[in-house]
Amino acid sequence: MIKIGTTFSGIGAPEQALKNLGISHIVKWACDIDKHAKQTYFANHTCEKWHDDITKINIDELEYVDMYVFGFPCQDLSVAGKQDLNNGRSILVNYSLDIIDKLLPKYIVFENVKGLLNKKFSNFYSMIEQRIEKNYNFYLLKLNSKNFGIPHHRERVFGVGIRKDLNTNIQ
């Protein structure tokens, strides 16, 4: 059984995907600051430990997980948002990167808007990529929901990391 940890967990889309795929898993911990997301999450999923705020997680007390899944606030990166990292919330990704550095899960997955790859944010994206690539083979996927039978044009960026010592390389 795969052990999962998530932050910026929202309503638990990754958990639902694992259920839909029939992948046996247990959520060791999850986190989201939004009380309505939390309510929806617990209506559909369970986890052993819930955290209300990523900035208050003591990573020394987090249980190891095989897979860590996270998003991070996109309002600073989105064309519909502020397009400004100064005083924004996207810098919260650093908490996720700290969790990765500390726990070194086998696999990591993150999702965000395609604006993350905008030239304006190249330094920010490079920082994320460099931190992940220290210990992971890193793959970036650009996906659009309309290409998966969803009648909605919604482009997203997915980062996938496989810990280097696992000697797994996907191309």
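Here are a few questions and answers about aromatic pairs and a helix contact in this predicted model.

User: How are the rings of Trp-29 and Tyr-68 arranged: stacked, edge-to-face or tilted?
Analyst: Happy to start there! The ring centres of Trp-29 and Tyr-68 are 5.6 Å apart, with 45° between the planes. Planes under 30 degrees apart would count as stacked and over 60 as edge-to-face. The pair is therefore tilted.

User: How many residues apart in sequence are the parts that this pair of Trp-29 and Tyr-68 ties together?
Analyst: Trp-29 belongs to strand E2 (residues 25-31). Tyr-68 belongs to strand E4 (residues 67-71), so the parts tied together are separated in sequence by 39 residues.

User: And how do Phe-110 and Phe-138 pair: stacked, edge-to-face or tilted?
Analyst: Phe-110 lies in strand E5 (residues 107-113) and Phe-138 in strand E6 (residues 136-144). Their centres are 6.1 Å apart and their planes 15° apart. Since planes under 30 degrees apart count as stacked, this pair is stacked.

User: Is Phe-138 buried or exposed?
Analyst: Good one to check against the cut-off. Buried means under 20% relative accessible area. Phe-138 has 12% relative accessibility, so Phe-138 counts as buried.

User: How do helices H3 and H4 run relative to each other: roughly parallel or roughly antiparallel?
Analyst: The axes of H3 (residues 93-103) and H4 (residues 122-133) come within 10 Å and cross at roughly 10°. Among the residues in contact are Leu-97 of H3 and Phe-124 of H4. Angles under 35 degrees count as roughly parallel, so H3 and H4 are roughly parallel.

Definitions and conventions. Residues numbered from 1 in each chain as written. Predicted model: local features only at pLDDT ≥ 70, side-chain atom pairs only at ≥ 80, totals over all residues. Heavy atoms only, no water. Phe/Tyr/Trp six-rings, centres within 6.5 Å; stacked < 30°, edge-to-face > 60°. Helix = DSSP H or I, 4+ residues; strand = E, 2+ residues; numbered from the N terminus. Buried < 20%, exposed > 50% of the residue type's maximum accessible area, 1.4 Å probe, protein only. Axes fitted to C-alpha atoms, helices over the stretch in contact; angles between N-to-C directions. Parallel < 35°, antiparallel > 145°, perpendicular 65-115°, else oblique. Contact = heavy atoms within 4.5 Å.
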